[in-house]
Amino acid sequence: SIEAAPLPAWATAMNDRTLTMAERLTRFTATMAENEAFRDKAQLATELEFLAALLRSPEALRAFSAVEERRLAQLAESDPDQPLPGTSRIEVWAIGYALLTGLQIHQHLAPGVLTPPVLERAFRPLLGLYPEEPAAGA
């Protein structure tokens, strides 16, 4: 089940405090850009068909939304970084996941535009949700 699944490797990599947030983000986007599951059109089509079915079924959507919110809470609880006041960890993870989902779709619609460096830039605004980190060696 979705709820019982362990944290994905990319999520735990985002929590590696030996790297700055910017370094973790760079590593994350590079990993995702090369990830077969992220680039798999058939898997994406299946996921989109599933989401379409959920959107047509209010009861199923409510049930799935509850599971999704618990999953986001689990990711947020594992996050050692504290966002700026007024922003919760779960909000940051929800925004990041929404970005990832949209980019996963559009990388197939505009593959010449959504290159790995562009994917990285797409996630950069998330850094603004956290306090500024001291420069390396500071």
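About 30 Å³ of space lies in the second largest cavity. A cavity is a set of points, on a 1 Å grid over the protein atoms alone, where a 1.4 Å probe fits but cannot get out. A volume is the space filled by probe spheres set on points joined across faces, edges and corners. The model is predicted: local features need pLDDT of at least 70, side-chain atom pairs count only at pLDDT 80 or more, and totals for chains, interfaces and linings use all residues. Residues are numbered from 1 along each chain as its sequence is written, and side-chain values use heavy atoms, leaving out hydrogens and water.

Phe28, Thr29, Met32, Phe38, Leu100, Leu119 and Phe123 line the second largest cavity (lining: an atom within 4 Å of a point). By class, this lining has 6 nonpolar residues, 1 polar and no charged. Nonpolar covers Ala, Val, Leu, Ile, Met, Phe, Trp, Tyr, Cys and Pro; charged covers Asp, Glu, Lys and Arg; the others, Gly among them, are polar. Helices α2 and α7 each supply at least two of the lining residues. The largest share, 3 residues, comes from α2.

## Overall architecture

The chain has 7 helices and 0 strands. Its pattern along the sequence is α-α-α-α-α-α-α. Helices (H or I, at least four residues) and strands (E, at least two) are DSSP runs, numbered from the N terminus.

Of the chain's 138 residues, 28% count as buried. Buried means under 20% relative accessible area, exposed over 50%, and partly exposed in between (1.4 Å probe, protein chains only). Contacts (heavy atoms within 4.5 Å) reach along the sequence. Among those with a separation of 6 or more, 67% join residues 24 or more positions apart.

## The largest cavity

The structure holds 2 cavities of 30 Å³ or more. The largest has a volume of about 270 Å³. Its lining counts 19 residues, and those closest to its centre are Met14, Val92, Trp93, Gly96 and Leu126.

Two elements give two or more residues to the lining of the largest cavity: α2 and α6 (89-109). Helix α6 gives the most, with 5 residues. The lining of the largest cavity divides into 14 nonpolar, 2 polar and 3 charged residues.

A pocket is an open set of points with protein on both sides within 12 Å along at least five of seven lines. The second largest pocket holds about 150 Å³ of space. Its lining includes Arg17, Leu19, Thr20, Met21 and Arg24. Pro80, Asp81 and Gln82 also line the second largest pocket. Tyr130, Pro131, Glu132 and Glu133 complete the list.

The lining of this pocket splits into 5 nonpolar, 2 polar and 5 charged residues. The lining of the second largest cavity, by contrast, has no charged residues.

## Aromatic pairs

The whole structure contains 2 aromatic pairs. Rings of Phe, Tyr and Trp (its six-membered ring) pair if their centres lie within 6.5 Å; planes under 30 degrees apart are stacked, over 60 edge-to-face, and the rest tilted. Phe28 and Phe123 form an edge-to-face pair, at 5.4 Å centre to centre with 85 degrees between the planes. Phe28 lies in helix α2 (residues 21-34) and Phe123 in helix α7 (residues 116-123), so this pair ties together parts 95 residues apart in sequence. Both Phe28 and Phe123 are buried. Both also line the second largest cavity.

Phe50 and Phe64 are edge-to-face as well, at 5.3 Å centre to centre and 75 degrees between the planes. Phe50 sits in helix α4 and Phe64 in helix α5, 14 residues apart. Phe50 is partly exposed, with a relative accessible area of 40%. Phe64 is buried, at 18%.

## Packing of α4 on α5

Two packed helices are described by the angle between their axes and the distance between the axes. The axes of α4 (residues 41-56) and α5 (residues 58-77) come within 5 Å and cross at roughly 115 degrees. Axes are lines fitted to C-alpha atoms, for helices over the stretch in contact, and angles run from 0 to 180 degrees between N-to-C directions. Helix α4 brings Phe50, Leu54, Leu55 and Arg56 to the contact, while α5 brings Pro58, Ala60, Leu61 and Phe64. The contact residues divide into 7 nonpolar, no polar and 1 charged.

Leu51 also lies in α4. Leu51 is partly exposed, with a relative accessible area of 34%. Leu51 and Leu61 are 10 residues apart in sequence and 8.6 Å apart in space, C-alpha to C-alpha.
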